[in-house]
Amino acid sequence: MNGLYEYELSHAAVVLCRDLLGLKEGETCIITADTESDVRVVNVTAAAAFGCGAKPMVVTIPAPRGVGRAADPMLPAEPLTAALSEADTWIEYNNKWLLYSTPYEKALKKNKRLRHQCFVGMTADMMVRCIGRVDHAALSEFLKQVLDLTVKTKRWRFTTPVGEKLEFENSVDSNRVYGMDDGFALEPGSHFMSGQIGWTPEWETIRGTIVFDGSVVPPVGRLKEPVFLDVEKGRVVRIRGGAEAKTFEQWLESFRDPQMFVPAHVCWGFNPGAVLTGEILEDERVWGSTEWGLGEIGSCLVKPEGVPAASHTDGICLNTSAWLDGRQFLAEGRVVYPGFEGLLNRLGR
Ligand SMILES: [Fe+2]
């Protein structure tokens, strides 16, 4: 986008505060940001929260040199924890995210009513595309039905136009958790931008070739050429491609941790407004894409404590074709499974 989209941005902020966060008269709303955040996004959200009758408070900090727990030494930890521990709602626009930092962990543990919306790296354009112009009721219903289908499916097959050929099975273990982000933050806890469903399949069954052709973050960002990952029995055994594939392979090897070569999760991307920008928050929601994470697995996907690793990376596979127990669900990114026509129409897909 090249325009300023002032009117549309204001509308997106209203959708966020009124519909998704459900801000009520008199509720407190902390908006956190850092010096890398988009100031327009921060200000328009504070105005919309005030317009809902809520009491907004903007907290901007110098951008830490790391994210999550790595940001701890650079954070004003006590006052930040204190403020978040007493708020009704928290909208996080920090570019260097506070999610999983010590103030985050402490505040969420202490404050059982806190509704947290995490929008790391949000820009004005993204807010208009992925929040303001989306029919969230339709998207939520669509995602619930896709989640239902995902949980029921045992055998999976993915292909993509650039050469992905992959098979795997879902785990029957009850320790697996299926995560779904429909954008609504009406319940206490952390919530993320709409348009993603993620889960961890049975590692041992993953075989074939994953091809990242959207972005891989870290260490590359938006890709210029595809990166091929040959997978045998749930481990990446070979990485092929050009210079970016080499950079990726060297980055994975630098940790000297075998878990960095294990696929940690797979995700559907289904935000009808998302486009590929190199910003992973949006890239992983590009409609009809799939994402594979490698490395650490959070407790949000595998109970009770996840699987530790030295780090984590995510790669995007665009225009996925997918067969669920032999029935085609996606054809090069388009949903072709029967029964979704009405919702797809409302979503402009
Ligand atoms: Fe991931």
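## Basis of the model

Two strands pair if DSSP finds at least two bridges between them. Helices (H or I, at least four residues) and strands (E, at least two) are DSSP runs, numbered from the N terminus. This is a predicted model: local features need pLDDT of at least 70, side-chain atom pairs count only at pLDDT 80 or more, and totals for chains, interfaces and linings use all residues. Residues are numbered from 1 along each chain as its sequence is written.

## Two domains

The domain assignment of the protein chain gives domain 1 (6–131) and domain 2 (135–346). Such bounds come from an automatic or database domain assignment. The C-alpha centres of domain 1 and domain 2 lie 26 Å apart.

Contact here means that the C-beta atoms of two residues, placed from the backbone, lie within 7 Å. By that test, 18 residues of domain 1 are in contact with 19 residues of domain 2. On the domain 1 side, helix 1 (6–20), strand 4 (115–118) and helix 5 (124–132) each supply at least two residues. Strand 4 gives the most, with four residues. The residues on this side divide into nine nonpolar, four polar and five charged. Ala, Val, Leu, Ile, Met, Phe, Trp, Tyr, Cys and Pro count as nonpolar, Asp, Glu, Lys and Arg as charged, and the others, Gly among them, as polar.

Five strands form an open sheet with parallel pairing, in the order 2-1-3-4-8. Its edge strands are strand 2 (55–61) and strand 8 (189–192), and each pairs on one side only. Neighbouring strands are turned by 20° against each other on average, direction ignored. For such angles, axes are lines fitted to C-alpha atoms, for helices over the stretch in contact, and angles run from 0 to 180 degrees between N-to-C directions.

Strand 1 (residues 28–34) and strand 3 (residues 89–92) run parallel and are joined by four bridges. Ile30 stands opposite Trp90 in strand 3.

## Helix 3

Burial is a neighbour count: a residue is buried if 20 or more other C-beta atoms lie within 10 Å of its own, exposed if 12 or fewer, and partly exposed in between, with C-beta atoms placed from the backbone. Helix 3 (residues 77–85) has buried residues Leu80, Thr81 and Leu84. These residues are on the same side of helix 3 because they cover an arc of only 100° around the axis. The arc is that of the directions from the helix axis to the C-beta atoms.

The face turned away from the buried side carries the exposed residues Glu78 and Pro79. What covers the buried residues of helix 3 includes strand 1, strand 2, strand 3 and helix 4 (102–110).

An open sheet of seven strands pairs antiparallel, in the order 7-9-15-16-17-11-12. Strand 7 (179–181) and strand 12 (221–222) are its edge strands, each pairing on one side only. Three bridges link strand 7 to strand 9 (residues 196–199), and the two run antiparallel. Met180 has Ile197 in strand 9 as its bridge partner. Helix 6 (residues 136–152) packs on the sheet and touches strand 7, strand 9 and strand 15 (263–269). The direction of helix 6 makes about 20° with that of strand 9.

Strand 10 (residues 207–212) pairs with strand 6 (residues 165–169) in the antiparallel sense over three bridges. Five bridges join strand 10 to strand 13 (residues 227–232), also antiparallel. Gly208 of strand 10 is the bridge partner of Leu166. Gly208 also stands opposite Val231 in strand 13.

## Trp287

Trp287 sits in the loop between helix 8 (280–283) and strand 16 (289–297). Trp287 counts as buried because it has 22 C-beta neighbours inside 10 Å. Pro272 is 15 residues away in sequence, yet its C-alpha is 5.7 Å from that of Trp287. Leaving aside neighbours within four places in sequence, Trp287 is in contact with Gly269, Phe270, Asn271, Pro272, Ala274, Gly333 and Arg349.

## Backbone features in loops

The peptide bond from Val217 to Pro218 is cis, with omega near -20°. Pro218 is in the loop between strand 11 (215–217) and strand 12. The bond from Lys303 to Pro304 is also cis, with omega near -5°. Pro304 is in the loop between strand 16 and strand 17 (307–317).

Lys233 has phi near 45°, a positive value in a residue other than glycine. Lys233 is in the loop between strand 13 and strand 14 (235–240), and counts as exposed with 10 C-beta neighbours inside 10 Å.
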